[in-house]
Amino acid sequence: ALPGQGANRTGALFACPLSPEPSDCWRVPIDEGVDPQRESKENQWLGVSVKSQGPGGKIVTCAHRYEVRHRVRQPLETRDVIGRCFVLSQDLSVRDELDGGEWKFCEGRPQGHERFGTCQQGLAAAFSPDRRYVLLGAPGTYNWKGTVRVEQLNQSSLDLLRLDAGPFEAGGEKDQDPSLIPVPANSYFGFSVDSGAGLTRPRELSFVTGAPRANHTGAVVILRRDSANRLVAEAVLQGHQLTSAFGHAIAVLDLNSDGCAWRD
């Protein structure tokens with residue numbers, strides 16, 4: 001941990017030039033300090049996921065075990081393991097409000113493991129290939145059924161006016177209905193995330209997530225956006241072998257000019 005973080009082990013993001021020097025990496029100056037009356041960064045696992053948009057693009061990194069504290073040092077103190085992510089510019093800084101900075105979509109929502117008290121947001125994170133969206137998996141939501149959220153990366157204030165601006169969420173941001181998520185409890189839906197165009201419809205963007213504990217075999221779910229800003233299932237691909245954790249990791253492959261395929 002950095003001095004002033006009130007912790008011993010927090011995780012970190014490092015930048016390393018591609019050079020033969022073994023010691024030219026440097027720690028990216030994010031997540032400094034702490035407010036002990038509302039949060040804990042001990043064992044938060046900052047850096048559990050790291051993704052880049054490529055040259056000139058943004059970077060996302062997450063700490064899925066970040067805790068929000070309530071009633072600190074009181075007999076009924078509670079901690080919610082909501083997780084959080086940082087979206088950074090190409091120079092590894094938060095240059096302006098459009099970068100988003102810190103993202104915590106489970107903060108302020110109903111507590112308890114059956115709702116959003118153990119979200120673990122950011123165990124998986126990715127960018128869409130069109131660079132418009134960031135995908136965030138939260139496998140601890142709804143009694144570890146899990147959820148996925150897709151947020152637009154705003155390039156200008158006009159982006160907010162688009163009909164497909166989102167955010168989009170499995171279960172719905174307003175509904176918050178776990179019955180809309182097509183896997184049982186303890187599935188870890190959102191454990192892995194990716195996206196691609198042309199998976200189910202020509203040129204249309206689809207979102208893909210793994211649920212490695214679904215039905216004790218695992219599953220991969222292909223999602224689309226609906227008119228109510230929800231992510232709804234278009235296809236559920238089931239694992240076949242008991243405890244195989246099908247969907248533990250996924251990647252969308254551009255096999256040819258006509259579309260994409262996925263693999264686990």
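The questions and answers that follow concern a predicted model.

Q: Which element gives the largest share of the largest nonpolar core?
A: The largest nonpolar core of this predicted model has 49 residues, and Val60, Phe189 and Leu231 are those with the most contacts inside it. Elements giving two or more residues to this core include β5 (59-63), β8 (84-88), β11 (133-138) and β16 (219-225). The largest share, five residues, comes from β11.

Q: Leaving aside its neighbours within four places in sequence, which residues is Val60 in contact with?
A: Val60 is among the residues with the most contacts inside the largest nonpolar core. With neighbours within four places in sequence left aside, the residues in contact with Val60 are Ser49, Val50, Lys51, Cys85, Phe86, Val87, Ala125, Phe127 and Val134.

Q: Which residue in β7 stands opposite Arg69?
A: Strand β6 (residues 67-70) pairs in the antiparallel sense with strand β3 (residues 39-40) over two bridges, and there Ser40 stands opposite Glu67. Strand β6 is also joined by three bridges to strand β7 (residues 78-80), again running antiparallel. In β7, the residue opposite Arg69 is Arg79.

Methods:
Residues are numbered from 1 along each chain as its sequence is written. This is a predicted model: local features need pLDDT of at least 70, side-chain atom pairs count only at pLDDT 80 or more; totals for chains, interfaces and linings use all residues. Side-chain values use heavy atoms; hydrogens and water are left out. A nonpolar core is a set of buried Ala, Val, Leu, Ile, Met, Phe, Trp, Tyr and Cys residues joined through side-chain atoms within 4.5 Å. Buried means under 20% relative accessible area, exposed over 50%, partly exposed in between (1.4 Å probe, protein chains only). Helices (H or I, at least four residues) and strands (E, at least two) are DSSP runs, numbered from the N terminus. Contact means heavy atoms within 4.5 Å. Two strands pair if DSSP finds at least two bridges between them.
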